[in-house]
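Let's work through a few exercises together. Have the sequence and the 3D view ready, and try each task before you read its solution.

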Amino acid sequence: ATAPKDWDRPLEGKVAVVTGAARGIGATIAEVLSRDGAHVICADIPAAGEALAETANKVKGTSFPLDVSADDAGAKLAEHALERHGGIDIIVNNAGITRDKLLANMDAARWDSVIAVNLIAPQQLVNGLIEKGALKEGGAVIDVSSIAGIAGNRGQTNYGASKAGVIGLVDTYAPILAEKGVTINAVAPGFIETKMTAAIPVATREAGRLMSSLQQGGQTVDVAETVAYFANPASSAITGNVVRVCGQGFL
Ligand code: NAI
């Protein structure tokens, strides 16, 4: 590992991109990486508009409207980063969606959209950056998986499969990226209080909180600080890991 020059601002001089940065876990990740000294490119769907601009202002970063599931998302991000910043050191694949239904009612559209945003996009973005030479040596890729990708969750076959796929991505990419001096790790949050989980009916939400081994839901900062650890040059010997945050499993 490489000790940061300044322990208070270990990411000074680094450029990070956080997808899904307009709100929730992504917005807090942007804040924490910025506190640690990084310039943060805050990416989210164009419809996120004001909220995305707010996060970018708060972290003194830049906003970049980007639908991560678009075919050219990786190339667009790479071109933007090369032009403005000479490349990217840290990419946090946080953007994610749920389209829950019990398996019998799980139509192809729900399945495909969740796989496209949660699983294909994190791979395409990294590939796009590598192809254009935009991912810098010594960099870090951090993917946001979920406890649902480890333990499964009723009504979330599509989501659980996408998040389990992310863990497969991390395992497969770790040795490939190591050749470029880049680490890749994942966080697997349990139940975190955000707009995503606010959409869950109250009784299910309460049950979800209690099923965590900590018997409570977590906060966005719990996830963000774990992401910051993987972004820190002091963790550059750590790759191919999945860290559960706020809970061991749903059951
Ligand atoms: P959220 O719904 O509050 O925020 C997600 C953000 O991603 C939104 O700003 C949304 O506009 C953006 N996004 C969605 N599709 C996008 C696309 N195609 N391109 C770019 N941006 C897109 O969700 P939350 O709770 O903050 O979740 C963040 C990540 O954490 C997701 O990957 C989610 O699956 C994961 N997660 C969340 C948990 C929770 O309990 N809240 C638990 C485990 C994982």
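**Exercises around the ligand**

H7 gives three residues, the largest share, to the shell around the ligand. This is a predicted model, in which local features need pLDDT of at least 70, side-chain atom pairs count only at pLDDT 80 or more, and totals for chains, interfaces and linings use all residues. Residues are numbered from 1 along each chain as its sequence is written, and side-chain values use heavy atoms, with hydrogens and water left out.

**Exercise 1.** Find which residues are closest to the ligand.

*Solution.* Start with the shell: 28 residues surround the ligand, each with a heavy atom within 4 Å of it. Next, pick out the closest, which are Arg23, Asp44, Asn94, Tyr159 and Thr194. Finally, sort the shell by type: 14 residues are nonpolar, nine polar and five charged (Asp, Glu, Lys and Arg count as charged; Ala, Val, Leu, Ile, Met, Phe, Trp, Tyr, Cys and Pro as nonpolar; the others, Gly among them, as polar).

**Exercise 2.** State how confident the predictor is.

*Solution.* Take pLDDT, the confidence in each residue from 0 to 100: the protein chain averages 94, and 98% of the residues score at least 70.

Conventions. Helix = DSSP H or I, 4+ residues; strand = E, 2+ residues; numbered from the N terminus.
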